[in-house]
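Dear colleague,

Please find the structure below, together with its sequence.

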Amino acid sequence: YKSMGFSDEDLRKPIIGVANTWSEVCPGSYNLRSLAQSVKNGIYAAGGTPVEFGVIGACDGTAQGSEGMKYILPSRELIANDVEVMVQAHRLDGVVLLGSCDKIVPGLLMAAARLRLPAILLPGGPMQGGAPFDGRASDLTSLSEGCGMLKAGKIAPDELDALEESCCPGCGSCSFYGTANTMCCLGEALGMTLPGGALIPAVYAERTRMAHRTGEAAVRLVKENLTADKIINRESISNAIRVLNATGGSTNGVLHLTAVALEAGLSADEVTGLFEELGDTTPLIAKVNPASKYNMEDFYLAGGIPQVLRELSPLLERGALT
């Protein structure tokens with residue numbers, strides 16, 4: 001550390017890892033490099049010392065339709081393993097987990113549950129919707145629909161070209177309620193993000209402010225010894241299952257929540273039982289694309305996960321730590 005310019009005073013402070021899945025491979029990861037700087041500023045401001053390290057993060061959407069898809073689910077385990085190795089090998093006091101996409105977020109949450117150290121998740125935020133197409137704001141799935149419509153003779157080639165240019169207007173996780181945004185929402189429901197941390201769009205200034213506050217919170221977690229195993233447990237998994245059902249989230253949420261719960265010490269039978277029990281008693285209170293025309297920015301502006309939790313309040317495990 002001294003050879004990299006850290007001072008004695010820096011090294012007397014809590015050393016907070018910043019596990020960053022930034023890459024130029026996909027838009028969901030593209031803004032994480034700038035957010036990492038805001039996280040580090042927050043850590044410094046709160047009296048900690050940040051040390052950033054890189055973690056892989058593959059994109060489901062890019063890999064679809066090729067041999068690449070066979071590598072996507074295994075990447076989740078690699079992410080969890082890599083974060084564990086870096087944090088444990090370097091004896092870090094806590095860790096901020098930066099990620100937005102399908103297998104990346106559950107991999108980070110699995111690592112948090114496994115490490116039993118202070119940990120907090122910061123999603124990069126969803127993408128805004130693109131130009132209107134077929135009755136709603138367009139997104140990545142619109143391009144697939146457009147290819148089918150071109151083949152069926154319903155649109156012209158130049159219309160498909162225009163859609164390609166406009167359906168993904170900037171960085172962020174895909175603007176529909178697929179696995180990526182589902183897992184960010186479940187991360188918030190678990191108590192592993194700050195309130196409102198899941199759905200602030202990637203390009204909003206509030207996302208940058210959330211990054212700064214997340215860095216500050218990471219130092220607070222270390223000072224209070226509030227470790228991830230005190231947050232990820234049966235009660236918070238129950239709350240996440242409620243939110244998954246109440247918002248019609250991705251069916252992959254079942255796969256990933258079960259994996260996170262196993263890292264937290266729950267059994268597969270226990271988690272399956274919770275899904276069966278809670279699914280029967282949880283109302284559907286939010287419908288987001290593909291269940292409706294509304295995208296993630298609309299969901300955020302309507303109150304996002306904090307509003308969902310308020311609506312579900314009588315059904316939640318309200319004693320769960322966050």
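Leu97 is in contact (heavy atoms within 4.5 Å) with Ala19, Val83, Leu108, Ala112, Ala119, Ile120, Leu121 and Leu122, leaving aside its neighbours within four places in sequence. This is a predicted model, in which local features need pLDDT of at least 70 and side-chain atom pairs count only at pLDDT 80 or more, while totals for chains, interfaces and linings use all residues. Residues are numbered from 1 along each chain as its sequence is written, and side-chain values use heavy atoms, with hydrogens and water left out.

Leu97 and Val83 are also among the residues with the most contacts inside the largest nonpolar core, together with Met192, Leu257 and Phe299. A nonpolar core is here a set of buried Ala, Val, Leu, Ile, Met, Phe, Trp, Tyr and Cys residues joined through side-chain atoms within 4.5 Å; buried means under 20% relative accessible area, exposed over 50%, and partly exposed in between (1.4 Å probe, protein chains only). The largest core has 85 residues, and its largest share, nine residues, comes from helix H6 (residues 104–115). Another core lies apart from it and has six residues, including Met149, Ile155, Leu160 and Cys167.

Helices (H or I, at least four residues) and strands (E, at least two) are DSSP runs, numbered from the N terminus. Axes are lines fitted to C-alpha atoms, for helices over the stretch in contact, and angles run from 0 to 180 degrees between N-to-C directions.

The axes of helix H5 (residues 72–89) and H6 come within 8 Å and cross at roughly 40 degrees. H5 and H6 are therefore oblique to each other; angles under 35 degrees count as roughly parallel, over 145 as roughly antiparallel, 65 to 115 as roughly perpendicular and the rest as oblique. Ala, Val, Leu, Ile, Met, Phe, Trp, Tyr, Cys and Pro count as nonpolar, Asp, Glu, Lys and Arg as charged, and the others, Gly among them, as polar.

Helix H3 (residues 32–45) and helix H10 (residues 205–224) have axes that come within 7 Å and cross at roughly 40 degrees. Their crossing is right-handed. Ile43 is among the H3 residues that meet H10, and the residues of the contact divide into six nonpolar, six polar and two charged. Ile43 also touches Thr49, as do Phe6, Asp10, Lys13, Pro14, Ile15 and Ile16, not counting residues up to four places away in sequence. Thr49 belongs to strand E2 (residues 49–54) and, at 1% relative accessibility, counts as buried.

For helix H12 (residues 234–247) and helix H14 (residues 268–279), the axes come within 10 Å and cross at roughly 45 degrees. That makes H12 oblique to H14. Leu244 of H12 and Phe275 of H14 are among the residues making the contact, which divide into six nonpolar, three polar and three charged. Leu244 and Phe275 are also in contact with Val254, leaving aside neighbours of Val254 within four places in sequence. Val254, found in helix H13 (residues 252–263), is partly exposed, with a relative accessible area of 37%.

With kind regards

Technical notes:
A crossing is left-handed if the near helix is turned anticlockwise from the far one by less than a right angle, and right-handed if clockwise.
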